[in-house]
Amino acid sequence: MLRLNKVKKNYKGFQLDCTLEVQEGCVTGLIGKNGAGKSTTFKAILGLIKTDGGSIEIFGKPAGEIGNQDKEDIGVVMSESGFSGYLTVKDLLPMLKNLYRNFHEQEFCRRCGEFQLPMNKKIKEFSTGMKRKLQVLAALSHEARLLILDEPTAGLDVLARDELLDMLRAYMEKEGRSILVSSHISSDLEGLCDDIYMIDNGKIVLYEETDVLLDSYGLLKVTEEQFKRLEREHLLRHKKEEFGYSCLTDQRQFYQENYPDIAVEKGTIDELIMMMIRGEE
């Protein structure tokens, strides 16, 4: 559905060098701290910036060769952009109908009502959360085959986030669809994504299926003495702490079975990010 191969973009003090793939029928997450390269990757995919190397394929075609129909098959939410604040939702309707042949106006308006988005109020008067809801509803309104969602749940309260995630799950029930999504809220990714890429300093530093990440990865909490006698083969990162060391492993069960005297915890995606970025190899 989407493939990036060694896509490069150079800025002063930063270089993107990204390889990733989104399979048909899958929700793929892209995680990393602010400034890691998530939004730059999304902009490169959408042709909003000129890349300095590598290749991008969308629907099996080079990104530069996709036609208007292909573009209609992509739904987009970007964290740093949105609709003009001087328009109302009602003003958007004819624009969306002209842009997308498969725009479902009635369903879009119904969902705007569900999310309490007034039709005649200028968008600049919307809260951050309301603006994000509108972007997501527009992306879901025209039978897109591929969704590119940069921080779609940012600014939403817990209830609105749950409703939005349910909509994304319902979207994926139809065959031939995929999502690439970034989020700072790890629980969103844990419950939604099939696989996850971690990006840091413009480079992919980890790729794993979400189930494997949650079932096999873990954190070891050990004293200095325990750390000295640990087998290191299955340790990905370690970090010095006041009590000794925290260690990240992708073989939690191995250490549970062979080191019954040490504390082995099931790591969250947030802890994984911290250890991969701040820990030592």
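Five bridges join strand β11 (residues 218-222) to strand β13 (residues 245-249), and the two strands run antiparallel. Within this pairing, G218 stands opposite T249 of β13. The model is predicted: local features need pLDDT of at least 70, side-chain atom pairs count only at pLDDT 80 or more, and totals for chains, interfaces and linings use all residues. Residues are numbered from 1 along each chain as its sequence is written, and side-chain values use heavy atoms, with hydrogens and water left out.

Strands β11 and β13 belong to an open sheet of four strands, in the order β12-β13-β11-β14. The pairing in this sheet is antiparallel. Two strands are taken to pair if DSSP finds at least two bridges between them. In general, strands of a sheet pair through backbone hydrogen bonds, either parallel or antiparallel. The edges are β12 (235-240) and β14 (263-266), each of which pairs on one side only. From one strand to the next, the twist averages 25°. Axes for such angles are lines fitted to C-alpha atoms, for helices over the stretch in contact, and angles run from 0 to 180 degrees between N-to-C directions.

The protein as a whole has 11 helices and 14 strands. These elements are DSSP runs numbered from the N terminus: helices are H or I with at least four residues, strands are E with at least two. Along the principal axes, the C-alpha atoms fill a box of roughly 70 × 40 × 35 Å. Of the 281 residues, 49% count as buried. Buried means under 20% relative accessible area, exposed means over 50%, and partly exposed lies in between (1.4 Å probe, protein chains only).

Helix α1 (residues 38-45) is mostly covered, with seven of its eight residues buried. The buried residues are K38, S39, T40, T41, F42, A44 and I45. After α1 comes G47, whose phi is positive, near 75°.

The largest pocket has a volume of about 710 Å³. Grid points are joined across faces, edges and corners, and the volume is the space filled by probe spheres set on the points. Lining residues have an atom within 4 Å of a point.

The lining of the largest pocket numbers 26 residues, and L46, I74, G75, V76 and Y100 lie nearest the centre. Helices α2 (68-72), α3 (89-99) and α5 (128-139) and strand β6 (74-77) each supply at least two lining residues. By class, the lining has 18 nonpolar, six polar and two charged residues. Here Ala, Val, Leu, Ile, Met, Phe, Trp, Tyr, Cys and Pro count as nonpolar, Asp, Glu, Lys and Arg as charged, and the others, Gly among them, as polar. V76 lies in strand β6. Its relative accessible area is 34%, so V76 is partly exposed. The C-alpha atoms of V76 and L46 are separated by 8.8 Å, although these residues are 30 apart along the chain.

Across the whole structure, 17 salt bridges are found. A salt bridge is a side-chain nitrogen of Lys or Arg within 4 Å of a carboxyl oxygen of Asp or Glu. R3 is partly exposed at 37% relative accessibility, and E21 is partly exposed at 25%.

A second salt bridge joins R110 to E107, with the closest N and O atoms 2.5 Å apart. Both residues lie in helix α4 (residues 105-114), three residues apart, or about one turn of the helix. An α-helix has 3.6 residues a turn, so residues three or four places apart point the same way. R110 is partly exposed at 40%, as is E107 at 30%.

D261 and R229 also meet in a salt bridge, at 2.3 Å from N to O. D261 lies in the loop between α10 (252-258) and β14, and R229 in the loop between α9 (224-228) and β12, so the pair ties together parts 32 residues apart in sequence. D261 has a relative accessible area of 45% and is partly exposed; R229, at 40%, is also partly exposed. Elsewhere, salt bridges that share partners join E107, R110, R111 and E114 into one network.

Definitions and conventions: 1 Å grid on protein atoms, 1.4 Å probe; cavity = no way out; pocket = protein on both sides within 12 Å on 5 of 7 lines; lining within 4 Å.
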